[in-house]
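Subject: Structure handover and notes

Dear colleague,

I am passing on the structure below, together with my notes on what turned up in it. Please read the notes with the model open beside them.

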Amino acid sequence: MKQGIYVGSATGQIGYALVPMIARGIMLGPDQPVILHMLDIEPAAESLNALKMELIDAAFPLLKGVVATTDVVEACKGVNIAVMVGGFRRKEGMERKDVMAKNVSIYKAQASALEKHAAADCKVLVVANPANTNALILKEFAPSIPEKNITCLIRLDHNRALGQIADKLDVQVSDVKNVIIWGNHSSTQYPDVNHATVTTSSGEKSVRELIADDHWLSSEFITTVQQRGAAIIKARKLSSALSAASAACDHIHDWVLGTPKGTWVSMGVYSDGSYGIQPGLIYSFPVTCEKGNWSIVKGLKINEFSRAKMDTTAEELAEEKSLAYSCLN
Ligand SMILES: NC(=O)c1ccc[n+]([C@@H]2O[C@H](COP(=O)([O-])OP(=O)(O)OC[C@H]3O[C@@H](n4cnc5c(N)ncnc54)[C@H](O)[C@@H]3O)[C@@H](O)[C@H]2O)c1
């Protein structure tokens, strides 16, 4: 059966990198036909049409249809997966509350259209920042979408952490697994390698033991991952796009098709109180996925250093949540 994939704000940087990946089967696999449902705002209507033309010209065998529209209801009809990329960026002199209020209004229309017109089991991934809190807002305006179906993108940070470890150890990134990003997709996130391993010729080894440099792991490694987005902006004068699009594909791919046995990934999901994180926040946890469902990995040992960092990022999320809810009134 064809899968309808909604990309909310398709003509932006991430959207432009993401749609060809979806059409090539990177998100749902090489055997899954897809229909792209692309939305953008009126000023981007011509670019949206050009994007549709390019998708037709690329002759992707898996692409069975393209809906390109500025009508949110038309865009959301029957979709199985929704990737929310559109957002309002903070401009100089703007207060955080004003930016939040803009994002609340953007999410309102898309959320209620998804609730009414998407497939009943539609899976939602929020990419636009503040991603965790935008996902909460979406739920507010789409109360009938189950909490389990609303997530936010932390996979980019997870992949960045894998990349930093592979680079430090001079190993293939595909041999590193089970890093964790805890918390918010912001600079308070906590990249944790305490449970991460590397596959070597003599079996699986602990990342911490192989690196044998606790100081680097508890300082430079963490700040490099936390600040990677800012480093890309400084170097490129634009924010990360292809890595964000690729991470969005990884997120949905693993959610729908499952994580490999013994491997977990980081996803922003509703807290159920695991690891002492206040329920009702969308917080990044290590999760495994099977048959289209994610479950938080339970029972990992948390040391004092990790505890403090996990709490700091949770506090920031609680504060963002109250700011967002103050914009709802
Ligand atoms: N979670 C992550 O890992 C991650 C990583 C990178 C970027 N991001 C975020 O993703 C978002 C998109 O990034 P980008 O680089 O593609 O941005 P961009 O500015 O290139 O594109 C933004 C898109 O939003 C649309 N848009 C603008 N105002 C809108 C409105 N009022 N309603 C609906 N759509 C509107 C634009 O037409 C455009 O298509 C940003 O919020 C960015 O901060 C998140």
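Helices and strands in this message are DSSP runs, a strand being a run of E of at least two residues and a helix a run of H or I of at least four, and both are numbered from the N terminus. Please keep in mind throughout that this is a predicted model.

Leaving aside residues up to four places away in sequence, I181 touches I154, D157, H158, A161, Q189, P191, S266 and S284. Between I181 and G87 there are 23 Å in space, C-alpha to C-alpha, and the two are 94 residues apart in sequence.

Turning to the overall layout, the domain assignment of the protein chain gives domain 1 (3-152) and domain 2 (155-324), and the centres of the two, taken over C-alpha atoms, are separated by 24 Å. Their contact takes 30 residues from domain 1 and 28 residues from domain 2. On the side of domain 1 that touches domain 2, the elements giving two or more residues are α1, β4, α4 (96-117), β5, α5 and β6 (150-152), with the largest share, 6 residues, coming from α5. By class, that side of domain 1 has 19 nonpolar, 6 polar and 5 charged residues.

Which residues of α1 are buried? In this helix, which runs over residues 13-23, they are I14, G15, L18, V19, I22 and A23. These residues lie on the same side of α1, because they cover an arc of only 140° around the axis. In general, an α-helix has 3.6 residues a turn, so residues three or four places apart point the same way. The buried residues of α1 pack against β1 (3-8), β2 (34-39), α2 (45-57), β3 (63-69), β4 (81-84) and α11 (242-257). Just after α1, G25 takes a positive phi of about 90°.

The ligand is surrounded by 25 residues, of which the closest are S9, G12, I14, G86 and G87. By class, the shell around the ligand divides into 13 nonpolar residues, 11 polar and 1 charged, and it draws at least three residues from each of domain 1 (3-152) and domain 2 (155-324).

Some backbone details and loop residues remain. The peptide bond from N129 to P130 is cis, with omega near -5°, and P130 lies in the loop between β5 (123-126) and α5 (131-141). K237, in the loop between α10 (228-236) and α11, is a residue other than glycine with a positive phi, near 65°, and K237 counts as exposed because it has 7 C-beta neighbours inside 10 Å. Y275, also a residue other than glycine, has a positive phi near 55° and is found in the loop between β12 (265-270) and β13 (282-290). With 21 C-beta neighbours inside 10 Å, Y275 counts as buried.

Not counting residues up to four places away in sequence, S240 touches L156, G229 and I232, while S240 and A230 are 9.0 Å apart in space, C-alpha to C-alpha, and 10 residues apart in sequence.

With best regards

Notes
Residues are numbered from 1 along each chain as its sequence is written. This is a predicted model: local features need pLDDT of at least 70, side-chain atom pairs count only at pLDDT 80 or more; totals for chains, interfaces and linings use all residues. A residue is buried if 20 or more other C-beta atoms lie within 10 Å of its own, exposed if 12 or fewer, and partly exposed in between; C-beta atoms are placed from the backbone. The arc is that of the directions from the helix axis to the C-beta atoms. Two residues are in contact if their C-beta atoms, placed from the backbone, lie within 7 Å. A residue is near a molecule or strand if its C-beta atom, placed from the backbone, lies within 6 Å of it. Ala, Val, Leu, Ile, Met, Phe, Trp, Tyr, Cys and Pro count as nonpolar, Asp, Glu, Lys and Arg as charged, and the others, Gly among them, as polar. Domain bounds come from an automatic or database domain assignment.
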